[in-house]
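Here's a model worth a slow walk-through. Have the sequence and the coordinates open side by side, and let's go.

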Amino acid sequence: MWELFQRAAPTLVEALGVTVFLGVTAFTIGSTIGLAVALIRTSKLRLIKYVAVSYVSIFLGTPMLVQILLIYFGLPQLGIAIDPIPSGILALSLNVGAYQSENFRAGLLGVDVGQREAAYSVGMSYWQAMRRIIFPQALRIALPPIGTRFIALMKDTSLVSVITVTELTRVAERVGSATFRYLEMYLIVAAIYWILNFVLALGQATLERRLARPY
Amino acid sequence: MTSHSRPHRRSAGWIPALFVLAVISSACQSGQGASASAGSSADGGGDELLSRVRAAGVLRVANPQTSPPYSFRDEANEVMGFDVDFANEVGERIDIDIEFIQGTFDTFIPGLDTDRWDVVIAGQAITDERKEQVDFSHPYRVSMVTIFLNCEDTAEVHDLPDLEGRSIAVLAGSSDVARAESVPDAELKTYENATLALTDLDLGRVDSYIGSRFVGTYVAEKSGLNVCATDAALTLEQNAMSFSKGQAAFKAEMDRLVVEMIDDGTIAELSTRWFGPDEDVSDDLREIIGE
C-alpha cells in the first residue's frame, strides 16, 4: 500500500489543495451569508425575514448532493452554465450559510435579553450593542456547532467529485479504477480526510479554550 | 460573575489513530491477498459459474443502460439496445432467463468480484489491464474510438497528440481514461455517462471528448448537442463479455455462442438493426477470433 500511496502522492497533494480551498472558501462565504441571515431573522424586517426563512428551509431540507447536481447539471437547461469549481463553491456556500444562520441565531438568542437592555440603557446604538456586548457572547455560545460544521464541510467537499472537480474523492475513484486497488485507495483518502479533520478539531478545541477564559 | 468552562481535551486522539492504523495495516494484508485469491478461485475446475447459473435458471447481466445504442432506456423505461438483444439471444440459446442490472464502467469489474452480477455485456473493451482482473469471451463487436469536439471548434485534430493542452472528457473507468492520460499537458475530466460528458462539451465546460464514435454520434443526435466527431481513428476496440477469472466452462460456452451467432447471421442482423446498414462487422470478428 505504501508504494500505491507514493505513486498517487503528487495527485493526492494537488487534490488535497483543492479540497482545502473548497472548504475554506465555502466556509468563509457561507458564514458571512449565515451571519447576515441570522441578523435578519432576529430583526424586525418582516419581508426580508420571509425570504431568509425560505432560503434556510430549502437548503436545510434538500440533500447537498442534489443541490450540487442541480446547480451544475440543472442550471444549464435554464441557460446558466457555471464551471465546476465555482459551482461547487456556490452549492457548498449556500448550504453552509443555511446551517450557519441557525448556529448564529442560536448564539444570538442565547445571550441574555438583559444584556441588550443594559447596553441600550447605557446609550449604545444597535450596532454598538451588537459589536461590543452581544456578538462576543453569541460567538462563544455558537462556537462548538460552528466548528463542527466546518469539519463536516471538509467531508462534504467530497460530494463535489460528482461534478468533475478533481478533489480527494475523485482521485481515489480514478486511481482505484485504474489500478483496481479500490480498498487501499479509499483507505488512503479516508485517512487523509481524517487527519485533516483531526487538525481542525484541535484548532477548534484551542479556540474554545481561549474564548472560555474569564474576562 | 465570570464563567469558567473546561472544554473537552483532544489528547485522547491517539486512540482513534491507533484504531485507524490497525484497520489500514490489516487491509493491506487482505488487499494483496484478495487480488491474488480472485484469480485462484478456480478450485472447482472452472465450472462453478456455469453450473450455478444453470441451477438458478437466471443469468445476471450488468450494463450501463445509458450508452445508446448499446444499452439504454426508452420512453417506456424498458431496457433496449444492441447489448440487450445480444444478451437475450444468449439467454435463449442456453435456455436461461436474463436479468439486467445497471452498473457503470468503474463498477463493472468490482461487481464481478463481489458477485453482484455474473457477466458484463456492456460494449466493454478488451484491455490488458482488465484481462488481469477478469476473463473475456470472444469479441462480439468492434467499435471505433474517436475524438469529439464542439462543432464550432475548427482546430485540426486527427490524433491524440493534437489534444495537447486541452481538457478531455472521458467516461469514468473506461478504456479511454488511459488514452486521455497519455496526452501531454491535458486536463482529465471523468463523467458518469456519455450524455453528461457530451453536454459539457456542448456547453464549452470541456473542450474535447474521447469515446465510441457510435455512442457519441447517437447521443449527440438524440439530445441535439452541438458536438461533432473528428476523423481520428484512435483504436478499433474489441467489445466482449467479461466474467470472473478461472471459469473455463462458462468461457467455453460463451465463446461457442458468439461463434454460433456470427455464423448464423445473428450478429449481422443485430448490428444492422442497431448500428446501421454498413455496420456488419462479422468478417472483422471472424478474423480476430481466427476461424
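**A walk through chains B and A**

Of the 291 residues in chain B, 41% count as buried, where buried means 20 or more other C-beta atoms within 10 Å of a residue's own, exposed means 12 or fewer, partly exposed is in between, and C-beta atoms are placed from the backbone. Keep in mind that this is a predicted model: local features need pLDDT of at least 70, side-chain atom pairs count only at pLDDT 80 or more, and totals for chains, interfaces and linings use all residues. Residues are numbered from 1 along each chain as its sequence is written, while chains are lettered from A and ligands numbered from 1 in the order in which they are written.

Chain B has 11 helices and 14 strands; helices (H or I, at least four residues) and strands (E, at least two) are DSSP runs, numbered from the N terminus. Among its contacts with a separation of 6 or more, 68% link residues 24 or more positions apart, a contact being two C-beta atoms, placed from the backbone, within 7 Å.

Now the domains. Chain B splits into domain 1 (44-140 + 240-282) and domain 2 (143-236), with bounds from an automatic or database domain assignment. Their C-alpha centres lie 25 Å apart. The contact between them takes 13 residues from domain 1 of chain B and 15 residues from domain 2 of chain B. On the domain 1 side there are seven nonpolar, five polar and one charged residues; Ala, Val, Leu, Ile, Met, Phe, Trp, Tyr, Cys and Pro count as nonpolar, Asp, Glu, Lys and Arg as charged, and the others, Gly among them, as polar.

What about the inside? The largest nonpolar core has 65 residues, and B:Val120 and B:Leu198 have the most contacts inside it. Such a core is a set of buried Ala, Val, Leu, Ile, Met, Phe, Trp, Tyr and Cys residues joined through C-beta atoms within 7 Å.

Just after helix 8 of chain B, B:Gly224 takes a positive phi of about 60 degrees.

There's also an open sheet of three strands in chain B, ordered 2-3-4 with antiparallel pairing; pairing takes at least two DSSP bridges between strands. Strand 2 (66-67) and strand 4 (79-80) of chain B are at the edges, each with a single partner strand, so one side of each has no neighbour in the sheet. Within strand 4 of chain B, B:Val79 stands opposite B:Arg73.

Over to chain A, where the mean pLDDT is 91; pLDDT is the predictor's confidence in each residue, from 0 to 100. Not counting residues up to four places away in sequence, A:Arg149 touches A:Val96, A:Tyr99, A:Gln100 and A:Asn103.
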